[in-house]
Amino acid sequence: MRVLVVEDEERLARALQRGLQAEGFAVDLAHDGVTGLERARAGEYDAVLLDIMLPGLSGYRVVQALRAEENWVPILLLSAKDGEYDQADGLDVGADDYLTKPFSYVVLLARLRALLRRGAPERPVVLVAGDLRLDPATRRVTRADTDIPLTAREFALLEYLLRKAGAVVGKRELLEHVWESFDATEANVVEVYLGYLRRKIDTPFGRAALTTVRGAGYRLEPDGG
Ligand code: CA
């Protein structure tokens, strides 16, 4: 089994290399994101251990780039400390597992073996409502095969609504999950962004995927409207 370790802390990288070699793995090292991405593209790896905070290109970007190229090598993300990044972020961009530093080598090995047993994952789930598609891995939204560029906030809002497709989602819930805010005085911002989204994903296509449920919130129609 060949493993690529992308880690800029060289002592840690070498310790991982020695440890994994002792377990019978073939181990290649890269110390920055750009080199890591090149190696991962070129090599036939069974798994990649990928630090998030890297010079050149972050671990997130490396995962995104690989997944956008439909490279499904199993990836275990290593993050500097708990809470610095949202675990969900790493998994959303297409990583398979996530480990917080400092980690126990035994745990790392167990997770790595679990990843190898699973093999290359299926393509990450694309969220679909009719002909409206959102791919969390590549951050791409399309409708009727047309690319729809969205801002980060619009994307987050649409992703949340798609994950809850068919359900009525209130403004407060959206503020909490998309804006990380509970401030009722900001409720108008939800309305404003829903308007932006409608003008991008519905109006040009003559559709109404985003509906307002009076007094209750919003619903994304599972059939795309
Ligand atoms: Ca680092």
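Modeller: Happy to; below we chat through the chain, its metal site and a few of its elements.

Modeller: This is a predicted model, where local features need pLDDT of at least 70, side-chain atom pairs count only at pLDDT 80 or more, and totals for chains, interfaces and linings use all residues. Residues are numbered from 1 along each chain as its sequence is written, and side-chain values use heavy atoms, with hydrogens and water left out.

Colleague: What is the mean pLDDT of the chain?

Modeller: The mean is 88, and 92% of the residues reach 70 or more. pLDDT is the predictor's confidence in each residue, from 0 to 100.

Colleague: And which elements have the lowest and highest mean pLDDT?

Modeller: Helix α4 (residues 87–92) has the lowest, at 66, and helix α2 (residues 33–42) the highest, at 96. Where pLDDT is low, the predicted coordinates should not be read in detail.

Colleague: Good to know. How many helices and strands are there?

Modeller: The chain has eight helices and twelve strands. Both are DSSP runs numbered from the N terminus: helices are H or I with at least four residues, strands are E with at least two. The C-alpha atoms fill a box of roughly 65 × 35 × 30 Å along the principal axes.

Colleague: On to the metal. Which residues coordinate the calcium ion?

Modeller: Asp-8 (OD), Asp-51 (OD) and Met-53 (O) do, at 2.0 to 2.3 Å. Donors are N, O and S atoms within 2.8 Å of the metal (3.2 Å for Na, K and Ca), and water is not among the atoms, so sites may look incomplete.

Colleague: Where do Asp-8 and Met-53 lie?

Modeller: Asp-8 is in the loop between β1 (2–6) and α1 (10–22), and Met-53 is in the loop between β3 (47–51) and α3 (59–68), so the pair ties together parts that are 45 residues apart in sequence.

Colleague: How accessible are Asp-8 and Met-53?

Modeller: Asp-8 is partly exposed at 29% relative accessibility, and Met-53 is partly exposed too, at 41%. Buried means under 20% relative accessible area, exposed over 50%, and partly exposed in between (1.4 Å probe, protein chains only).

Colleague: Back to α2. Which of its residues are buried?

Modeller: Gly-33, Gly-36, Leu-37 and Ala-40 are buried. They cover an arc of only 100 degrees around the axis, which puts them on the same side of α2; the arc is that of the directions from the helix axis to the C-beta atoms. Their cover includes β1, β2 (26–30) and α3.

Colleague: New topic: what order do the strands take in the open sheet?

Modeller: Three strands line up as β10-β12-β11, with antiparallel pairing. Two strands pair if DSSP finds at least two bridges between them. The edge strands are β10 (168–169) and β11 (210–213), each pairing on one side only.

Colleague: Which helix touches β10, β11 and β12?

Modeller: Helix α6 (residues 152–163) packs on the sheet and touches those strands. Contact means heavy atoms within 4.5 Å.

Colleague: Last one: is Gly-170 buried or exposed?

Modeller: Gly-170 is buried, with a relative accessible area of 17%. Gly-170 sits in the loop between β10 and α7 (171–178). Not counting residues up to four places away in sequence, Gly-170 touches Ala-216 and Gly-217.

Technical notes:
Axes are lines fitted to C-alpha atoms, for helices over the stretch in contact, and angles run from 0 to 180 degrees between N-to-C directions.
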